[in-house]
Amino acid sequence: MVLMFRKSLEKRLLEISRRIKKEKEDLLVAEEQLISLIDDADEARIRSLVSETAISDNDRRDSARQSENMEKYCQKIRNEIQRLEEIQDELLDKLNTENI
């Protein structure tokens, strides 16, 4: 019985570990995109200030909105990583108490 419990914990740990790795990879990609979107938003803001047209102001707002949305997405991924790491810690604690 104890062996089955241990195998189940180990299986769950492996799955959580894979999910954390995938989320971290996704976060790296999203953060690279965020950097690009922030740069685009800064450029659009400067163009809007210089040209003072409605089109450039719309572009500025769109660029700012895109970078804000990407930041929210990055935060969502960070939160998921934190949640998964907490689950991983709990599973490790259970595994360690089984070894005692």
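Relative accessible area sorts residues into buried (under 20%), exposed (over 50%) and partly exposed (in between), using a 1.4 Å probe and protein chains only. By this scheme arginine 12 is partly exposed, at 43% relative accessibility.

The model is predicted: local features need pLDDT of at least 70, side-chain atom pairs count only at pLDDT 80 or more, and totals for chains, interfaces and linings use all residues. Residues are numbered from 1 along each chain as its sequence is written, and side-chain values use heavy atoms, with hydrogens and water left out.

Helices are DSSP runs (H or I, at least four residues), numbered from the N terminus. Arginine 12 belongs to helix α1; its C-alpha atom is separated by 14 Å from that of arginine 83, 71 residues apart along the chain. Glutamate 52 is placed in the loop between α1 (2-51) and α2 (54-99). This glutamate is exposed, with a relative accessible area of 68%, and has a positive phi, near 50°. Most residues other than glycine have a negative phi.

A salt bridge requires a side-chain nitrogen of Lys or Arg within 4 Å of a carboxyl oxygen of Asp or Glu.

| Salt bridge | N to O distance |
|---|---|
| Arginine 18 – glutamate 15 | 3.0 Å |
| Aspartate 57 – arginine 61 | 2.5 Å |
| Glutamate 71 – arginine 78 | 3.3 Å |

Arginine 18 and glutamate 15 are separated by about one helical turn, because they lie three residues apart in helix α1. Likewise, aspartate 57 and arginine 61 are four residues apart in helix α2, and therefore about one helical turn apart.

Key:
Helix = DSSP H or I, 4+ residues; strand = E, 2+ residues; numbered from the N terminus.
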